[in-house]
Every structure is written in structure tokens, then in C-alpha cells.
Amino acid sequence: MYDLHPTNGQFAMPTLPFAADALGVISAKTIEFHYGKHLKAYVDNLNKLITGSELAGKPLSEVVSHAEGGLFNNAGQVLNHSMYFDQFGTENHDCCGEIADMIIRDFGSFDTFKREFEQKGTSLFGSGWVWLSKDSDGKLTITQEPNAWNPIRRGLQPLLTFDVWEHAYYLDYQNRRADYIAALWSIVDWKAVNARL
């Protein structure tokens, strides 16, 4: 499971596993705003809100599991965005390994999985996330999570996510959410996804 741990009670900005201008389908300008401004604001707000709380010093997944209100919103967005950025790269774009076998087992084919995932991403009303997760029986499931929600709150283990808040794609794709979602498959690092199993 991907997680973040605080140092001296504070969470640091996650490090991007790619150069800001390396992805192609996401521009350096979008990375500058999405990672450099939106995620930074969530990290800063989380660190202010968690100081002195009963969840101070806990791993981020535990904070997301138990927090409420503003603390939850900012913690959820830090975890969601950290997982989102961490799963992209310039290599390992063919779905492979254990996750590939699980997708075929539970969806019949990668194309069927991809269609369902894209449909859930494009049909989510408002802002949020589409997730591939594993349940307690080891079965894969796709969920739509509004706003800052994370599958952890449903007792699921999150594996892959696409951000469908407008700030994730508006500079590059304007209102074309479906085009943005379709483009992301070309930059998923499936080795990173497999590491979350």
C-alpha cells in the first residue's frame, strides 16, 4: 500500500518521479499549477490542521481513514494527489505483472477494464476521482469518489487513480474530460501500480 509518513509531525511534498515537462499528455504548465500550487496548498493546510490533533504523527492513510471536516478534506487530497502523481512516468506503460493478471481475471480483458474505468471517470458528476482498488477478498473494483474521498474509507486498497477535478486537465484539455482520461493511459507506470498490491 502506498502511504506517506510525517517527519516531526509534518508531511512533506511528495517528489515527482518524472520531470515536469516529460509526460507530453500533461503539460509542464499543468504540472506547475496542479502539483506546485494545488497539491502544495493541500500539504500546507494539512500540516496546519493536524498540528496538535489526535492524529498528529500518524501515517497519512490512517489520517484519511479517521479524520473529518477540513482535516479529512486536506489529508484526502494529499493522499489522492500523491498517488496520482506517483503512478506516472516515462517507462513501463504496458500493463504487466500481477495487476495485469488480476485485471483479466476480474474484468475479462484490459480493454473491458479500460472502458469501464473511463466511463466511471467521465460520468462522475462534479469534482472527484475514479479509482481501481482491491477489496478484502482480493477482487478488483472501480469506484467513483467525490471531492477528497479515497477508497480507504470504504475498506478498499487503492491501486490506480485518475483525477477528474477540472484543475487536473483544464489548461490542456479545456472541457474535454474524456480526452484527458483516455490520454493518461499512455503515461501510467504499471510497475508503480504493481508495487501498491
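A: Residues 24 or more positions apart account for 70% of the contacts in the chain with a separation of 6 or more, where contact means heavy atoms within 4.5 Å. This is a predicted model, in which local features need pLDDT of at least 70 and side-chain atom pairs count only at pLDDT 80 or more, while totals for chains, interfaces and linings use all residues. Residues are numbered from 1 along each chain as its sequence is written, and side-chain values use heavy atoms, with hydrogens and water left out.

The whole chain comes before the part. The chain has eight helices and three strands, and along the sequence they follow the pattern α-α-α-α-α-β-β-β-α-α-α. Helices (H or I, at least four residues) and strands (E, at least two) are DSSP runs, numbered from the N terminus. The radius of gyration of the chain is 16 Å, which agrees with the value near 16 Å for a compact globule of 197 residues. That radius is taken over C-alpha atoms, and the globule rule is 2.2 Å times the number of residues to the power 0.38. The C-alpha trace spans about 50 × 40 × 30 Å along its principal axes. Of the 197 residues, 48% count as buried; buried means under 20% relative accessible area, exposed over 50%, and partly exposed in between (1.4 Å probe, protein chains only). The chain exposes about 8,900 Å², of which carbon and sulfur atoms supply 49%. Accessible areas come from the Shrake-Rupley method with a 1.4 Å probe, and for residues only the protein chains shown count as cover.

Strand 1 (residues 128–134) pairs with strand 3 in the antiparallel sense over six bridges; two strands pair if DSSP finds at least two bridges between them. Strands 1 and 2 form a hairpin with five residues between them, and Gly138 in the turn has a positive phi of about 85°. Strand 3 (residues 157–163) is largely enclosed by the rest of the structure, because seven of its seven residues are buried.

Now the helices. In helix 4, the buried residues are Ile99, Ala100, Met102, Ile103 and Phe107. Seen down the axis of helix 4, these buried residues fall within an arc of 165°, so they line one face of the helix. The arc is that of the directions from the helix axis to the C-beta atoms. Asp101 and Arg105 are exposed on the other side of helix 4. The buried residues of helix 4 pack against strand 1, strand 2 and strand 3, and also against helix 5 and helix 8. Gly108 follows helix 4 and has a positive phi, near 95°.

Helix 5 (residues 110–123) has 14 residues and reaches 20 Å from its first C-alpha to its last, close to the 20 Å expected at 1.5 Å a residue. The expected span is 1.5 Å times one less than the number of residues. Phe113, Phe117 and Gly121 are the buried residues of helix 5. Seen down the axis of helix 5, they fall within an arc of 65°, so they line one face of the helix. An α-helix has 3.6 residues a turn, so residues three or four places apart point the same way. The buried residues of helix 5 pack against helix 4 (97–107), strand 1, strand 2 (140–146), strand 3, helix 7 (177–184) and helix 8 (190–194).

Asn92 is found between helix 3 (69–86) and helix 4. Asn92 has a positive phi of about 60° although it is not a glycine, and it is partly exposed, with a relative accessible area of 34%.
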